[in-house]
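Please walk me through this structure, from the overall fold of a chain to its helix packing and its charged pairs.

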Number of protein chains: 2
Amino acid sequence: MQEGVRARKKRETRQAIIDAAIRLFGEKGFEATSIDELARAAGIGKGTIYGYFRTKLEIFFAFCEEQIDYSFSAVSTTHNSDAPLLEQLHTLFFSQFRFITANAEFGRQLVRELTFPSEANRNLSRDLDRRYLKTVQDILIAGKARGELHPDCDPLLATVHFYALYLLLISGWYSGYSTTHEDQSQALRALLQQALAGLGNGTLTQPLPPAVLEPIRALVATP
Amino acid sequence: MQEGVRARKKRETRQAIIDAAIRLFGEKGFEATSIDELARAAGIGKGTIYGYFRTKLEIFFAFCEEQIDYSFSAVSTTHNSDAPLLEQLHTLFFSQFRFITANAEFGRQLVRELTFPSEANRNLSRDLDRRYLKTVQDILIAGKARGELHPDCDPLLATVHFYALYLLLISGWYSGYSTTHEDQSQALRALLQQALAGLGNGTLTQPLPPAVLEPIRALVATP
DNA sequence: TTAAAAATTCGACCGTGGTCGGAATTCTAA
DNA sequence: TTAGAATTCCGACCACGGTCGAATTTTTAA
C-alpha cells in the first residue's frame, strides 16, 4: 500500500518542528524560544505541536538526539581500543563533557533531565543512559581481558562507578569549582586514576589541579 | 535602638511565608502549590512574596533548610566515629538519601538544583555542598589516621570521589534502576567497597544486588 | 506635630507552557 | 462519487510564575 497523504504529512510536520527547533534553539537557546514561535517557524499552529510532542522538553530531546549522535560518532572515530583504560575513559568522558557544556543552558537542562529524570521522561533518559553505559562497559571488558582490571571486578559495577565520576565532573563544572577545560581534564584524570588504584591502598594518586582543589578546599575550610 | 515596626513585620512576614510553605509544600507538593495560594495562606498579597524571595525555588530552599538541618543533626547523633570507614560513609549517605527521596518530587527539585545549579542559585547550593563535603572529609581524615586510607591518598580527592558515588545513588533511584531502599543500601555498600578496594587490583568486591543489577544489565544488553 | 522621604504592599497585568473542542482534512466503503 | 467515520489541526483559553507602579505605611527631620 502506498504511503497516504496523512502519513507523509505527519512525517514532514514532525521534521519541520525539529528543523525549526534546531534553528531556534541554536540561535536563541531553549528558554528564550517559545512554543508559539516554534510553531510559527514550523508553519503550523501551536496546538499541533502537542500532537507530536507531549512537552517542550521532549522537543528539546529530539533536538539533542541528532547532536548526540554526532558526538558519539566523533568519539568512535578517534577511539583507540588499544590505549590504556585510563586514556580511553578520559577521551570518552571528556569529549562528552565538552559537548554537553558547549552551551551552558542547553547542557544544564539536558543533564538535569538525564540524571534525575521525571517519570514522564524516564524512558527517554534511559535510552541515552544505555549508550553511555554500553560504551563504557565495552571499554572495561576489553580492558579486563588485557588484565587492566582485577579479575574479580564486575565490569558492570565498575561501569556505574566510572559513570559516577563522569557525573561529578559535570556537576563540578556547573557548581563553578573549575572554570577551564584544562582543569576539568586534569581533575577527571585524577579521579579515574584514583578509582583504578583504589582509595584504601595502592599506588600514589595524581593530585587534582590546584585551580579545582583550592575552591573546594576553601569551601570545606569555611567555618 | 528599639526594633522598629518595619523590622519586626519583615521578620514576621518572612516567617509566615516559610510556615505557609512548610504546610502547603508538605501537603500538596512543590509543583502543585501556586505562589498565589502561598501568599493567601501567609495572609499577604502575591507581589509581597517577591520582596522576600526572588523565585519560587528560593522559597523551596528556605523550606528545605529546616528539614536539612534536622536531617544532619539526626545523622550526627547516630554517628559512631570509631566504626569502619565503610560503615560511617554508608550511614551518612544512606540517611541523606532516605531524607531526599522521602518525597519524590521534593527530592528531585532539590537535587537537580544542588547538583547542576543555575548561576543564580550557585551560592545557595554551595552552602549545602559545604556541609556534605565537610562531614565526609572529617570522616575520611579520621579514617586515614587509623590507617584505613592509603597514606598518600588525598582526603579531599577521596571526598569528592565518594560524593560522586552518593550522586549516583540518587540518580539511580530517580532513573528507576532500583525501587526499594534495601537494594539501594546494598548498591551503595558495593560501590563504597569497590572504591576503597580499587578497581585495578585488590580484593574481591561485593556484588550489586540483583534487583539493581538486572535492569542495568538488561539496559546494556539491549541491541 | 507634621510633611517630605523611604520602604513596603499588592493586585492588575504580561508572556509562558499546555489544554480543549469544534473545524478542517483525509480515509474508507458502498 | 459520495457520505460518514476517523484523524489532524489550531487558536481561544487556562493557570502559572513573575513584574510593575500606584497606593499605603513607616521613618526621618525640622
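Axes here are lines fitted to C-alpha atoms, for helices over the stretch in contact, and the angles between N-to-C directions run from 0 to 180 degrees. The model is a predicted one.

Start with chain A. Its secondary structure consists of 10 helices and 0 strands. Read from the N terminus, the order of elements is α-α-α-α-α-α-α-α-α-α. The chain has 223 residues, and 53% of them count as buried. Now take the contacts in chain A with a separation of 6 or more: 65% of these link residues 24 or more positions apart.

Next comes helix packing. Two packed helices are described by the angle between their axes and by the distance between those axes. Begin with a pair that involves both chains. The axes of α9(A) and α8(B) cross at roughly 85° and come within 10 Å. Angles of 65 to 115 degrees count as roughly perpendicular, so α9(A) is roughly perpendicular to α8(B). On the α9(A) side, the contact uses A:Ala190, A:Leu191, A:Gln194 and A:Ala195. On the α8(B) side, B:Leu157, B:Ala158, B:Val160 and B:His161 take part. By class, the residues of this contact are 6 nonpolar, 2 polar and no charged.

One of these residues deserves a second look. B:Ala158 sits in helix α8 of chain B, which covers residues 155–174. Is B:Ala158 buried or exposed? Its relative accessible area is 0%, so B:Ala158 is buried. For a sense of scale, compare B:Ala158 with B:Phe106. They are 52 residues apart in sequence, and their C-alpha atoms are 29 Å apart in space.

Helix α9(A) also packs within its own chain. Its partner is α5(A), residues 85–100. The two axes come within 10 Å and cross at roughly 140°. That angle makes α5(A) oblique to α9(A). The crossing of α5(A) and α9(A) is right-handed. From α5(A), the contact draws on A:Leu85, A:Leu86, A:Glu87, A:Leu89, A:His90, A:Phe93, A:Phe94, A:Phe97 and A:Arg98. From α9(A), it draws on A:His181, A:Gln184, A:Ser185, A:Leu188, A:Arg189, A:Leu192, A:Gln193 and A:Leu196. Sorted by class, the α5(A)–α9(A) contact holds 9 nonpolar, 5 polar and 3 charged residues.

At 15% relative accessibility, A:Gly176 counts as buried. Which residues does A:Gly176 contact, leaving aside its neighbours within four places in sequence? The partners are B:Arg122 and B:Arg126.

Move on to chain B. Helix α4(B), residues 56–77, packs against helix α7(B), residues 122–145. Their axes lie 11 Å apart, at an angle of about 15°. Angles under 35 degrees count as roughly parallel, so α4(B) and α7(B) are roughly parallel to each other. Their crossing is left-handed. α4(B) contributes B:Glu58, B:Phe61, B:Ile68, B:Asp69 and B:Phe72. α7(B) answers with B:Leu124, B:Leu128, B:Arg131, B:Tyr132 and B:Thr135. The tally for α4(B) with α7(B) is 6 nonpolar, 1 polar and 3 charged.

Last, the charged pairs. Side chains of opposite charge can pair when their charged atoms come close. Over all chains, the structure holds 17 salt bridges.

A:Arg54 is exposed, with a relative accessible area of 57%. A:Glu58 is buried, with a relative accessible area of 13%.

The next example is A:Glu113 with B:Arg112, a salt bridge with an N to O distance of 2.8 Å. A:Glu113 lies in α6 (residues 104–115) of chain A and B:Arg112 in α6 (residues 104–115) of chain B, so the pair joins two chains. A:Glu113 and B:Arg112 are both buried.

B:Glu12 and B:Arg8 form a salt bridge, with their closest N and O atoms 3.4 Å apart. Both lie in α1 (residues 5–28) of chain B, 4 residues apart, which is about one turn of the helix. B:Glu12 counts as partly exposed at 43% relative accessibility. B:Arg8 is partly exposed too, with a relative accessible area of 34%.

Methods: Residues numbered from 1 in each chain as written. Chains lettered and ligands numbered in written order. Predicted model: local features only at pLDDT ≥ 70, side-chain atom pairs only at ≥ 80, totals over all residues. Heavy atoms only, no water. Parallel < 35°, antiparallel > 145°, perpendicular 65-115°, else oblique. Left-handed = near helix turned anticlockwise from the far one by under 90°. Contact = heavy atoms within 4.5 Å. Nonpolar A, V, L, I, M, F, W, Y, C, P; charged D, E, K, R; others polar. Salt bridge = Lys/Arg side-chain N within 4 Å of Asp/Glu carboxyl O. Buried < 20%, exposed > 50% of the residue type's maximum accessible area, 1.4 Å probe, protein only.
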